[in-house]
Amino acid sequence: METEQTAEMPTDSEKREMMLNIGPAHPAMHGIIRLVVDLDGEQIQNADVEIGFLHRGFEKMSEEVGYNGVIPYTDRLNYVSPLINNMGYCMAVEKLLGISVPERCHYIRVILSEISRIGDHLTCVGATAMELGAFTVFLYMIKARESLWDLVEMVTGARMTVSYCRVGGVKADLPQDFAGPCAEAFQEVRKVLAESDGLLTRNRIFVDRMNGTGQISAEDAISYGITGPFLRATGAEYDVRKDCPYAVYDQLPFEVPVGTRGDNMDRYLVRMEEMEQSMRIVEAALRDIPPGEVLVNPETGQPIPAAQMVDLAKMGKIESISGGCALVAPTLEGAGRGQHRSIAVDEKRVFLPPKEDAYGNIEGLMQQFKLVMLGHGLRPPEGEVYFPVEGANGELGFYVVSDGSDNAYRVRVRPPCFAIMSALPKLLTGEMIADIVPTFGSVNMIGGELDR
Amino acid sequence: MNTSLIKAVSDRFPAAVSATHTYRGDQTVALRPEFLLEIAQFLKEDPALQMNLLVDVTAVDYSAFGKSPAPAFFASSGVAVRPSTQIPDEDPWPGPPEKARFAVVYHFYSMHHKHRLRLVVPVPESETELTSLTPLWAGADWLEREVWDMYGIRFSGHPNLKRILMYKEFEGYPLRKDYPVNKRQPLIGPVN
């Protein structure tokens with residue numbers, strides 16, 4: 001009996017490779033990635049990455065809805081920092097239209113993008129730490145992210161699927177005294193970052209797992225098309241915000257942290273520093289933002305209920321409502337007539353009128369109808385544009401082709417983590433099986449934008 | 001308007017360039033397919049250009065271009081509603097490529113000189129095959145696989161041209177304009 005068993009077991013001199021299938025139903029693979037690795041003992045000989053489990057046809061759907069209808073889909077590309085996606089898409093269509101938004105609107109977009117970026121980095125660093133056993137850091141960071149999402153909720157009304165930007169502007173102005181809660185949230189984030197830094201940066205277990213694993217050189221990273229913190233950790237200095245500045249990034253003070261070795265530890269350090277820089281941008285932007293309009297016209301005083309305004313307008317009694325402000329649903333807060341001038345482009349063919357005009361006069365009503373009726377809508381001229389913004393993971397580009405109709409002819413997203421995922425076999429080959437977890441964590445793979 | 005990149009490419013390869021434009025400031029060169037690899041190598045290695053980052057590869061199916069229904073009109077009055085006045089650009093867009101159903105679009109960026117260039121390569125339906133850029137950029141691998149997956153355009157010389165976002169048994173190319181948006185296909189998988 002014993003001799004039979006030993007005959008089946010490999011002898012000492014015999015070597016066998018093992019194929020290991022990780023995911024998609026594996027917690028570290030976030031449920032949507034399948035890795036097939038060839039193992040020699042614990043060493044990875046070869047790796048194959050299979051993606052597409054979350055493909056929802058974003059690009060096909062974008063061809064079927066109007067230009068503003070794409071915005072909710074962009075939320076779902078990178079659901080951790082949806083505001084950057086919103087902004088990238090809207091700026092691409094604005095470029096196609098040849099228009100530019102007011103300066104205050106640029107500032108609002110920048111402030112919210114940077115808040116989202118901090119949230120994204122907190123998630124990435126927190127999740128990586130958790131997967132390496134530092135559960136406390138994860139909980140701290142998610143709590144800090146929550147305070148940032150409270151800010152996002154104050155402005156947009158939603159935490160994740162915000163749909164906040166519009167082609168030619170944003171949905172609503174910042175709430176009054178936004179700087180106060182923002183400073184409080186940043187205080188909390190800074191406290192958490194200092195605590196996490198103390199828990200991780202010199203932690204023996206964490207450093208041993210991160211140092212020297214998942215290493216890639218700058219040349220290889222560029223060849224794979226990698227951008228963002230992942231590229232900057234290799235020492236290549238490329239940040240769309242600095243190198244091809246958009247919105248008002250050229251007027252704001254910030255530095256671009258770069259690493260030297262391009263391993264997991266450098267990526268962690270780059271992300272930690274980028275969060276600090278993002279907070280610096282937000283603080284400077286809140287200081288420099290041009291003031292918005294007053295909320296209520298002092299001449300008319302009290303806001304008028306929307307239904308009453310419609311009735312008065314129907315009877316032609318427009319003197320009493322012409323400068324007034326409508327009392328509308330809370331979802332439309334911050335988008336009144338006064339604020340409209342500072343949050344939206346002055347172009348009637350692009351942006352919906354303030355509700356006071358839609359309810360109160362025929363021009364506003366026509367403008368509203370011309371933009372929302374089927375077959376009318378927003379119609380950019382024929383053409384093609386590419387517009388890149390710096391997403392939390394790297395260059396997020398939108399390539400939009402228009403044929404002059406009210407639906408986009410083609411919307412292409414250049415997802416930043418697609419390039420990084422294509423380099424994953426290169427990153428993993430030759431490493432130990434346990435290194436998959438920190439390397440994959442530092443990729444910050446977001447299924448929504450990877451599979452679209 | 002900056003046209004230095006267009007000039008550099010068209011001076012070097014006068015026979016390859018079929019059209020150029022800088023619509024909304026994006027420098028774009030349309031080429032003949034046979035020169036693609038040569039020009040890509042020139043863009044990457046020429047010291048004055050050094051376009052070391054292949055940002056994106058994608059395709060557009062122009063078969064339905066300009067065929068979307070005209071704007072709605074008020075039936076009772078017979079008055080057609082014209083589309084909005086267009087906001088013009090100094091350099092008008094020349095329109096989709098002639099006599100080719102597809103256009104494969106490459107975006108390049110130079111980290112040294114901080115400039116961008118777009119290459120547009122028309123691909124006729126009769127011969128949907130292009131040269132792969134995988135020898136020059138490792139990142140072209142997945143990007144070209146996606147173009148193959150979504151549009152059915154082959155890349156000769158590609159080491160591993162198989163579907164990437166869709167599954168192996170999927171039939172058709174979903175981003176082609178003749179693929180209906182609501183078409184359903186059976187999911188392939190183990191029977192539970």
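1. Burial in chain B. In this predicted model, chain B has 192 residues, and 39% of them are buried. Among the contacts in chain B with a separation of 6 or more, 58% are between residues 24 or more positions apart.

2. Elements of chain B. Three helices and nine strands are found in chain B. Read from the N terminus, their order is α-β-β-α-β-β-β-β-β-β-α-β.

3. The hairpin of strands 1 and 2. Strand 1 of chain B covers residues 17-21, and it pairs with strand 2 of chain B in the antiparallel sense, over four bridges. The two strands form a hairpin with six residues between them. In the turn, Arg24(B) has a positive phi of about 55 degrees. Within the pairing, Thr20(B) stands opposite Val29(B) of strand 2.

4. The other partner of strand 2. Strand 2 of chain B is also joined to strand 7 of chain B, residues 116-123, by three bridges. Here the two strands run parallel, whereas strand 1 and strand 2 pair in the antiparallel sense. Ala30(B) stands opposite Val120(B) in strand 7.

5. The faces of strand 2. Which residues cover the two sides of strand 2 of chain B? Strand 2 spans residues 28-31, with Thr28(B) and Ala30(B) on one side and Val29(B) and Leu31(B) on the other. These four residues are all buried, and both faces of the strand are covered. Two of them have already been named in the pairings: Val29(B) opposite Thr20(B), and Ala30(B) opposite Val120(B).

6. The side of chain B that touches chain A. Contacts between the chains involve 40 residues of chain B and 48 residues of chain A. Strand 3 (53-61), strand 6 (102-109) and helix 3 (140-151) of chain B each supply at least two residues of this side of chain B. The largest share, six residues, comes from strand 3 of chain B. By residue class, this side of chain B divides into 24 nonpolar, nine polar and seven charged residues.

7. A position in chain A. Leu122(A) lies in helix 5 of chain A, which covers residues 103-131. Is Leu122(A) buried or exposed? Leu122(A) is buried, because 28 other C-beta atoms lie within 10 Å, and the cut-off for a buried residue is 20 or more. Leaving aside neighbours within four places in sequence, Leu122(A) is in contact with Met141(A), Ala144(A), Arg145(A) and Met275(A). Val137(A) is 15 residues from Leu122(A) along the chain, and the C-alpha atoms of the two are separated by 9.8 Å.

Technical notes
Residues numbered from 1 in each chain as written. Chains lettered and ligands numbered in written order. Predicted model: local features only at pLDDT ≥ 70, side-chain atom pairs only at ≥ 80, totals over all residues. Buried ≥ 20, exposed ≤ 12 C-beta atoms within 10 Å, placed from the backbone. Contact = placed C-beta atoms within 7 Å. Nonpolar A, V, L, I, M, F, W, Y, C, P; charged D, E, K, R; others polar. Pairing = 2+ DSSP bridges.
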